[in-house]
Amino acid sequence: MEAKGSRTENYKFLEHLVRKIWLNAGATREHADAVAHSIIMGDRMGKTNQGIGVFEALTIVMQAGSLDIKAEPTVAGEGPSWILMDGNKSTGHYTLTLGIKKAIKKAKETGVCILIGRNHFDAGCFSTYTQMALEHDMVAMATNNSVALMTPIGGMENVMSCPPLSVSCPA
């Protein structure tokens, strides 16, 4: 039952809006699709600060000249069961979407694959990437580094990070 005064939206329409904004900013269709899917997945998972709440962070670093919306992520290294993706200052949304597609293909061949992403900006909701593996009946885990956001009990400075962790497993 919908709460009085609340409103629901079709998530595909919201993805469309984010995609249009990113396309108008100069992204390729594939980049805009990755950002839109990941941003709205955060909201669908109930993680506003990994969804539309973080979208502004991408526009801020792009306007500051740090994020390169036209950059194409590349494979910086790989082995039989791992891939290192370099975002080349693109978004993490795009870098990790391209990377997880490659990792899924490699895992189908070898049984396992570790994806490492570097040199990219925010990647949003990490469930986006584990869900992509889940669609192929694969187990996936995703996390990343984080700035120090927490102070231990009795401490005076933020020295502990609180990185995301997402795990998907077929049932």
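How many nonpolar, polar and charged residues are in the lining of the largest pocket? By class, there are 23 nonpolar, 11 polar and one charged. Here Ala, Val, Leu, Ile, Met, Phe, Trp, Tyr, Cys and Pro count as nonpolar, Asp, Glu, Lys and Arg as charged, and the others, Gly among them, as polar.

This is a predicted model, where local features need pLDDT of at least 70, side-chain atom pairs count only at pLDDT 80 or more, and totals for chains, interfaces and linings use all residues. Residues are numbered from 1 along each chain as its sequence is written, and side-chain values use heavy atoms, with hydrogens and water left out.

**Stop one: the largest pocket**

Its volume is about 920 Å³. A pocket is an open set of points on a 1 Å grid over the protein atoms alone, where a 1.4 Å probe fits, with protein on both sides within 12 Å along at least five of seven lines; lining residues have an atom within 4 Å of a point. Volume is the space filled by probe spheres set on the points, which are joined across faces, edges and corners.

Select L96, F126, A142, T143 and N144: of the 35 lining residues, these are the closest to the centre. Next, show α4 (92–110), β3 (114–121), α5 (127–134) and β4 (140–143), each supplying at least two lining residues. β3 has the largest share, six residues. Helices (H or I, at least four residues) and strands (E, at least two) are DSSP runs, numbered from the N terminus.

**Stop two: the second largest pocket**

This one holds about 170 Å³. Select E15, R19, E30, D33, A34, H37, T97, K101 and M132, which line it. Colour by class: two are nonpolar, two polar and five charged. Then show α2 (29–44), which gives the most to this lining, four residues.
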